[in-house]
Amino acid sequence: MARWVRCAGAVGLTCLVLGTLGLCLYNTLLYTFVTKMMVLQKGSFIFDFWKDIPIPIYMQFYLFDILNVDEVLKGGKPAVEQRGPYTYRGRQWDSGDRTLTGKGVIVEQRGPYTYREYRNKTSLQFNDDDTISYLNLKRYEFVPEMSVGSENDTIMTLNIPAMAISWLLKTQGTLIKDAASLALLLGGEPLFFRRTVAGLVWGYPEPLLAAAQRFAPALVKDDKFGIWLNQKTNSTDGVYTVFTGLAEPGKFAYIYQWNGMTHLPYWRRPCGKVNGTEGIMFPPIKDRDKRLYIFVSDLCRSAYLSYEGPRAVGGVPVYRYILPQEELRSGRHDPDNSCYCGDGCLQDGLIDVRSCHLGAPVVLSLPHFYLGNESLSRGVAGLRPNKMEHQIFLDVEPTTGVALAAARRTQINIIVSPVPHMRQASIKSNLIAQQL
């Protein structure tokens, strides 16, 4: 009997050793197999998926409709009213009575207005250094069944072109300042006006910009304005050059250059390095706690996501990564972010992109200033930042490194501040009128 026990023990130990060895070999073999498949070359398993992404991608717009302009012109504290529920699935919003809350401007958030994004890569060029260059071709199609209204809906909004021109005039000579300021005043440009959703998003002819081109053609490049100007049909966001992963699997889909640059000139070093992927694919994840870097052309910079925890998408286990609060900390408090500061560091939660958008007073944040300084959301009554609706996340299947679900959420903000030369031009115009 003892001999049988010893034999059984020996067999059990042997099975345990073989099982452990087999598990190690399995993981190694699986990693080797997957990295062989995840190569950007014609005929590979992943190439067609990467070139023409079959997963539906939707872009949804939520627009703030300013309802009582007179109050903001008097300097009252803005107040906002969000109609709900608003979800990123396009649920209809409540059509209850409109009410005023507090003093100042009341803004109604309307949306979503949903567009299907079609994305495919063109002008592919395979290079000798294990990289491939291409253009990201995008076009958008309006999806009325996932939207609350039509593209012809109108909203009351800030006159962004007038604010941008006024901001840019700060650096110009007195003659140009006065001429452009008088043109703004004599043209009767209001601080707020009404525009259609399609016009505000995709662009509309702007007489003010056409006139400004005559005074400062180097500063004003287009006579149209839109948040996504000219990007609705067959638009691109630059030339990407990425590693194929053939020679170095650990660099699969990582961006080597954007528009021929490995480091962008808009920021002080060491900031501005082109780093990460586009956010659709990554090399297989061996260490879940390692940051995932994504390059975002709209920001002219890379950002990182941190591991939050396990999730499941359609029953498939994934790792969820989120944009951490540390990535949005001001350079005032975080030395690592100080090189992103322009002529001064903004508050926590604000991303200054003026330097890469021709100096226009554009600042980005998460919706409702989520993860930002509390003073930002307190400064506008009615904002309700919350994680569920406003966070950025990415769900990645770790074995292949493919993102199965994601939400990228951004709020576009415009800096509004007194412009001294506008007041001076107004005084001069009054004097001229009195002399006449």
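Which handedness does the disulfide of Cys341 and Cys345 have? It is right-handed, because the torsion about the S-S bond is about 105 degrees. Keep in mind that this is a predicted model.

**Stop 1: Cys341 and Cys345.** Select both residues. Their sulfur atoms sit 1.9 Å apart. Cys341 is buried, at a relative accessible area of 13%. Cys345 is partly exposed, at 22%.

**Stop 2: Cys271 and Cys339.** The structure holds 3 disulfides in total. Another of them joins Cys271 to Cys339, with an S to S distance of 1.8 Å. The S-S torsion of Cys271 and Cys339 is about 50 degrees, so this disulfide is right-handed. Cys271 lies in the loop between β10 (255-258) and β11, and Cys339 in the loop between β13 (316-322) and β14 (351-352), so the bond ties together parts 68 residues apart in sequence. Cys271 is buried, at 6% relative accessibility. Cys339 is buried too, with a relative accessible area of 6%.

**Stop 3: Cys300 and Cys356.** Here the S to S distance is 2.5 Å. A torsion of about 90 degrees makes the disulfide right-handed. Cys300 is in the loop between β11 and β12 (301-313), and Cys356 is in the loop between β14 and β15 (362-365), 56 residues apart. Both cysteines are buried. With the bonded cysteines numbered in sequence order, the pairing reads 1-3, 2-6, 4-5.

**Stop 4: the largest core.** Now select Trp50 and Leu394. They have the most contacts inside the largest nonpolar core, which has 48 residues. Strand β11 (residues 292-296) gives the largest share of this core, 4 residues. Show what surrounds Leu394: its contacts include Phe282, Leu292, Ile294, Leu305 and Tyr319.

**Stop 5: Ile392.** Where is this residue found? Ile392 is in the loop between α9 (387-390) and β16 (393-397). Its relative accessibility is 16%, so Ile392 counts as buried. Among the residues it touches are Leu305, Tyr321, Leu366 and Arg409. Draw a C-alpha to C-alpha line from Ile392 to Pro324: it spans 8.9 Å, while the two are 68 residues apart in sequence.

**Stop 6: strand β5.** Select residues 154-158, which form β5. Of its 5 residues, 4 are buried. Strand β5 runs antiparallel to β6 (residues 192-196), joined by 5 bridges. To see the pairing, pick Thr154, which stands opposite Thr196 in β6.

Terms used:
Residues are numbered from 1 along each chain as its sequence is written. This is a predicted model: local features need pLDDT of at least 70, side-chain atom pairs count only at pLDDT 80 or more; totals for chains, interfaces and linings use all residues. Side-chain values use heavy atoms; hydrogens and water are left out. A nonpolar core is a set of buried Ala, Val, Leu, Ile, Met, Phe, Trp, Tyr and Cys residues joined through side-chain atoms within 4.5 Å. Buried means under 20% relative accessible area, exposed over 50%, partly exposed in between (1.4 Å probe, protein chains only). Helices (H or I, at least four residues) and strands (E, at least two) are DSSP runs, numbered from the N terminus. Contact means heavy atoms within 4.5 Å. Two strands pair if DSSP finds at least two bridges between them. A disulfide is a pair of cysteine sulfur atoms within 2.5 Å. Lists of a residue's contacts leave out its neighbours within four places in sequence.
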